[in-house]
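Try each task before you read its solution.

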Amino acid sequence: MRTIGVIVAAVGFISAAYHYTGGENIELMKWSEGHQPLAGLGVGVAGLLVAAAGAALSRDR
């Protein structure tokens with residue numbers, strides 16, 4: 001669960017960064033191009049929450 005969260009967070013934050021730098025050749029989240037940078041930041045934060053939940057759940061074992 002942590003790995004999936006980190007991957008989702010990276011995709012979200014990188015897509016927001018590409019929006020700011022004008023990265024038109026690489027579109028990681030093409031469906032959200034009209035909603036950038038908020039969509040990328042939202043997906044990144046959601047990924048961090050999933051990673052944190054995975055870390056918290058694994059400590060209980």
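**Exercise 1. The whole chain**

Task: State what share of the residues count as buried, then describe the fold in outline.

Solution: The model is predicted. Start with burial: 26% of the 61 residues count as buried. Next, list the elements: there are 2 helices and 0 strands. Then turn to contacts between residues with a separation of 6 or more: 63% of them join residues 24 or more positions apart. Last, take the surface: the protein exposes about 4,400 Å², and 65% of this comes from carbon and sulfur atoms.

**Exercise 2. A nonpolar patch**

Task: Find which residues make the nonpolar surface patch, and which helix gives the largest share.

Solution: First, name the members: F13, L38, L41, V45, L48 and L49. Together they make a patch of about 570 Å². Second, look for the main contributor: helix 2, residues 38–59, supplies 5 residues, the largest share. Third, check one member. L41 lies in helix 2. Its relative accessibility is 35%. That value falls between the cut-offs of 20% and 50%, so L41 counts as partly exposed.

How values were computed
Residues numbered from 1 in each chain as written. Predicted model: local features only at pLDDT ≥ 70, side-chain atom pairs only at ≥ 80, totals over all residues. Heavy atoms only, no water. Patch = residues over 30% accessible without salt bridge, like charges linked within 9 Å, V, L, I, M, F, W, Y side chains within 5 Å. Areas by Shrake-Rupley, 256 points an atom, 1.4 Å probe, with all protein chains shown as cover. Salt bridge = Lys/Arg side-chain N within 4 Å of Asp/Glu carboxyl O. Helix = DSSP H or I, 4+ residues; strand = E, 2+ residues; numbered from the N terminus. Buried < 20%, exposed > 50% of the residue type's maximum accessible area, 1.4 Å probe, protein only. Contact = heavy atoms within 4.5 Å.
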